[in-house]
Amino acid sequence: MTGPLVPFREIVLKVHSRCDLACDHCYIYEHADQSWRTRPKAISDQAISWTALRLAEHAKKHALPSVTVILHGGEPLLAGPARLRRVCEELTTALAPVTDLDLRIHTNGLQLSPRYLDLFDEYGVKVGISLDGDKAANDRHRRFADGRSSHPLVLRAVDLLHQERYRHLDLGLLCTIDVANDPVAVYDALTELAPPRIDFLLPHATWEEPPPRPDGSPTAYAEWILTVFDRWDDRGRPVPVRFFESVLSTLNGGPSLTESLGLAPTDLVVVETDGTLEQVDSLKSAYEGAAATGFDVFRHTLDDVAAHPGVRVRQLGLAGVGDTCRRCPVVRSCGGGLYTHRYRADSGFANPSVYCADLEALVRGIEDRTASATAAPAVADPGTLVAEQHELTRVLLAELHSELDGRGGEGWAEAWELAGTVERRSDGLDEVLAHPYTRTWLLDCLDALRGGRPGAAAPAGELARYVAAATVRGRADVPVRVAHRGGALHLPTLGTLGLDAAGAVEVRATGDGFLVRRAGGAELRVERLDEEGAAWRPVRRGAHGVALDDLDPLRDRFGVPVAGRLTPGEAADWSGRLDRAWALLRDAVPEQAEEAAASLTTLTPVTGTEPAVGRHAYGALGLPLAGGDRELARALLRGFRRAKLRALRDVADLYALDGAWSHSAPWQEIPVPVSALLAGAYERAGLAAYEKGHADHAERALDLLDNAAELTVSGKLLVAGVRKELCRSRERSVAHSQG
């Protein structure tokens, strides 16, 4: 087993090994492992003390911010208030100097009383109660040994826990699924009790002892759970349901929220009443001794258990599941199912879950029901992508203001106030904030502040430059004081004004230009923004109004060298070739050409032959200064695809990177991560209609992506859209060849 040990953050502490119910689906008493018979009924003082000691040293060694201890059984309340108090005291005393302690107890509720709840209130012990639904559902399994119903006593316990003085201790309800029960009746009965959370649990089963399927359906459990999901969703999701929230989280690139689903490494260990350290309790369903480690709290550390092969294999993520699961596109969500449920006598745990068909149907069912609502709108709507990119820049500006927290001095405060004034009077500030290099400045400033270099980004002077540009663009009659360095004043999106000395100046909009007043009252006037003068060098414009920016000091964040200021002849030549390149694209890929023209706002000449995206916001592209019309058209298209995909990644989770994932790429021999596979497919699909040789690679990559478990709902929507683009490209190619 490779990789670092995963420390235990959750400990199940068995405080009593017997129960006052005789549930016929209980994995402790009714399944393969019967080790409970040889263990003491209640945990000893010595076992309590050593458990607290081991947990404290483990938390200290691994600097754990918190640990969770779940008091369990059997039925833990049978340990009695005095023994439970001893447990709480020992754990609190040992752990309080080291970490935060989250104490919980899982109970059937039959013994719950104010005496227990007062104790739990004293130590902050949260209470989870097991209840399988309405009376008919609960009594199917959860009965006394003589057959009596436990349902009324459980309801009494829930009512007691919901009293105002105890309500803060309520963890919620745990319900074991039985497909013979009416799912709607079960769900309604649970929600009527207004729990803070509901956990639905699949009954423990293995390939040796499969779960009951009364109607023979291989997806009976998925159908049952999806019926509950529909009820939950239709009613506005009134209560958190961990099962559903976990699937929704993983479908959108987030973590699993429960051990029974997802690929998160196990971080749980069990302490039995005799101090024995064991793996997760559900393994008792597999075979006698399946949970055993050979360790105990008296002689071994928790690190010893964390290094146990049985524990390690459940910490390997994707590498810890079998080949069938590794190739399955829903493995991120189901995680191969609970480890216990994979057991088969002849092959151990290297199998899909006995609930495999159910889990796949469940994940796909939830995805089908929620995809349209959960997918990022920017994936399907170019206008939304642009709007969300602009909003992201505004968020970064607000973050910078917050991070400065008064450290920007009077210059920042003055520029910030002026920005608000300009925004109220015109659209100029919106136009300047939409400039892709504005994002670059904000990121530079935030990096400098967070790196302990507050002066490196000169935030006050830079903000003043942007505000001044906004006043000129919006023709707002607001004077802006700007400090400049190096004898030149650059106004973003507009141009650069040569000044004979550094210092502070005042910028004021005047008709079609602006006025600069320097120290001592000297003035310099620019009559027209688009006309080059002795001191004024404007940002030139090309087709579609795009800025051909060879002036901005921040344009050099493309990762490749940028060209200097072009001569008028060089600029006219480059602009002419760009115009012809756009015409080629409008003919070959009209949809993409239209979207690119609406999205790209700033083109900067760079050296070399490749387009560059760099650190700038969506809308900026570095394009080769050299090259003919076709080469520039290809660079425009490739660069636009790269810029758009990066912009989508800024505002949407397209995939998750939480495992050892790799994929064969049709264009190279070495496996690549899903990010590279998606980028390659996206770019090649875009180029397919413009030049030959890309369609086959793109289609093969899309086929691989269809089975990529890392893709989120938004990522799958993007792949579906790219496939449609590729189909249109093929149709257009056929039409051209026939015409």
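Modeller: Helix H6 passes helix H7 in a right-handed crossing. In this predicted model, local features need pLDDT of at least 70 and side-chain atom pairs 80 or more, while totals for chains, interfaces and linings use all residues. Numbering runs from 1 along each chain as its sequence is written, and side-chain values use heavy atoms, without hydrogens or water.

Colleague: What makes H6 oblique to H7?

Modeller: The axes of H6 (residues 183-191) and H7 (residues 220-234) cross at roughly 50° and come within 9 Å. Angles under 35 degrees are roughly parallel, over 145 roughly antiparallel, 65 to 115 roughly perpendicular, and the rest oblique. So H6 is oblique to H7.

Colleague: Which residues make the contact of H6 with H7?

Modeller: From H6 come Pro 183, Val 184, Val 186, Tyr 187 and Asp 188. From H7 come Trp 224, Thr 227, Val 228, Arg 231 and Trp 232. Contact means heavy atoms within 4.5 Å. These residues divide into 7 nonpolar, 1 polar and 2 charged.

Colleague: What makes the rings of Trp 232 and Phe 244 a tilted pair?

Modeller: Their centres lie 5.0 Å apart, with 45° between the planes. Rings pair if their centres lie within 6.5 Å; planes under 30 degrees apart are stacked, over 60 edge-to-face, the rest tilted. So 5.0 Å makes a pair, and 45° makes it tilted. Trp 232 lies in H7 and Phe 244 in helix H8 (residues 242-251), so the pair ties together parts 12 residues apart in sequence. Both Trp 232 and Phe 244 are buried. They also belong to one aromatic cluster with Phe 200, Trp 224 and Phe 229.

Colleague: Why is the pair of Tyr 437 and Phe 558 called edge-to-face?

Modeller: Their ring planes stand at 75°, with centres 6.4 Å apart, so the pair is edge-to-face. Tyr 437 is in helix H18 (residues 436-450). Phe 558 is in the loop between strand S18 (547-548) and helix H20, 121 residues apart from Tyr 437.

Colleague: How do you know that Tyr 437 and Phe 558 count as buried?

Modeller: Buried means under 20% relative accessible area. Tyr 437 has 0% relative accessibility, so Tyr 437 counts as buried. Phe 558 has 5%, so Phe 558 does too.

Colleague: Which residues of helix H21 are buried, and what do they pack against?

Modeller: The buried residues of H21 (residues 590-599) are Gln 592, Ala 593, Glu 595, Ala 596, Ala 597 and Ser 599. They pack against helices H15 (382-404), H20 (568-588), H22 (629-651) and H23 (674-687).

Terms used: Axes fitted to C-alpha atoms, helices over the stretch in contact; angles between N-to-C directions. Helix = DSSP H or I, 4+ residues; strand = E, 2+ residues; numbered from the N terminus. Left-handed = near helix turned anticlockwise from the far one by under 90°. Nonpolar A, V, L, I, M, F, W, Y, C, P; charged D, E, K, R; others polar. Buried < 20%, exposed > 50% of the residue type's maximum accessible area, 1.4 Å probe, protein only. Phe/Tyr/Trp six-rings, centres within 6.5 Å; stacked < 30°, edge-to-face > 60°.
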